[in-house]
Amino acid sequence: MKARIIKSVLRNKHKAWLASINNEHVRELAAENTIVTGGCIASMLLKERVNDYDLYFRTREAAIAIATYYVDQFKKN
């Protein structure tokens, strides 16, 4: 897969994940402070099946806010 296609796929996956976050503040933190990386890029370059997409957080604040958001979502369900 070509680099521009990989970037497009990653951008679309990231946007879809952001759209799933109901809390506007957390969504903004996630948009500004996450990086998609990991084995998915190598898999796409090698034309292999992607197992998952790894997100890394640029700041501790973002990581805590996003983790808290998902814990709260889990507790609701």
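Let's start where two helices meet: helix 2 (residues 24–33) and helix 4 (residues 60–76) pack at an angle of about 135°, and their axes are 9 Å apart. Keep in mind as you look that this is a predicted model. Why begin with those two values? Two packed helices are described by the angle between their axes and the distance between the axes. An angle over 145 degrees would count as roughly antiparallel, and 65 to 115 as roughly perpendicular, with oblique for what is left once roughly parallel is also set aside. Helix 2 and helix 4 are therefore oblique to each other. The crossing of helix 2 past helix 4 is left-handed.

Which residues make this meeting? From helix 2 come Val26, Leu29, Ala30 and Asn33, and they meet Glu61, Ala62, Ala65, Ile66 and Tyr69 of helix 4. Sorted by kind, the residues of this contact are 7 nonpolar, 1 polar and 1 charged.

Now let's step back to the whole chain. Its secondary structure comes to 4 helices and 2 strands. If you walk from the N terminus, you pass the elements in the order α-α-β-α-β-α. The C-alpha trace spans about 40 × 25 × 20 Å along its principal axes. The chain has 77 residues, and buried ones make up 25% of them. How far along the sequence do contacts reach? Taking contacts between residues at least 6 apart in sequence, 52% join residues at least 24 apart.

With that overview, we can look inside. The largest nonpolar core has 8 residues: Trp17, Leu18, Ile21, Val26, Ala30, Ala62, Ile66 and Tyr69. At least two residues of this core come from each of helix 1 (3–19), helix 2 and helix 4. Helix 4 gives the most, with 3 residues. Leaving out residues up to four places away in sequence, isoleucine 66 touches Trp17, Val26, Ala30, Thr34 and Phe57.

Is alanine 67 buried, exposed or partly exposed? Buried means under 20% relative accessible area and exposed means over 50%. Alanine 67 has a relative accessible area of 43%, so it is partly exposed. The C-alpha atom of alanine 67 is separated by 9.8 Å from that of valine 26, although the two residues are 41 apart along the chain.

Finally, let's visit helix 3 (residues 39–45), where serine 43 lies. Serine 43 has a relative accessible area of 12%, so it is buried. Its contacts, not counting residues up to four places away in sequence, are Glu48, Arg49 and Val50. Next, find lysine 47, in the loop between helix 3 and strand 2 (54–57). Lysine 47 counts as exposed because its relative accessibility is 71%. Its backbone is worth a look too: phi of lysine 47 is near 60°, a positive value in a residue other than glycine. So our tour ends with a contrast: serine 43 is buried, whereas lysine 47 is exposed.

Notes. Residues are numbered from 1 along each chain as its sequence is written. This is a predicted model: local features need pLDDT of at least 70, side-chain atom pairs count only at pLDDT 80 or more; totals for chains, interfaces and linings use all residues. Side-chain values use heavy atoms; hydrogens and water are left out. Buried means under 20% relative accessible area, exposed over 50%, partly exposed in between (1.4 Å probe, protein chains only). Contact means heavy atoms within 4.5 Å. Axes are lines fitted to C-alpha atoms, for helices over the stretch in contact, and angles run from 0 to 180 degrees between N-to-C directions. Angles under 35 degrees count as roughly parallel, over 145 as roughly antiparallel, 65 to 115 as roughly perpendicular and the rest as oblique. A crossing is left-handed if the near helix is turned anticlockwise from the far one by less than a right angle, and right-handed if clockwise. Ala, Val, Leu, Ile, Met, Phe, Trp, Tyr, Cys and Pro count as nonpolar, Asp, Glu, Lys and Arg as charged, and the others, Gly among them, as polar. A nonpolar core is a set of buried Ala, Val, Leu, Ile, Met, Phe, Trp, Tyr and Cys residues joined through side-chain atoms within 4.5 Å.
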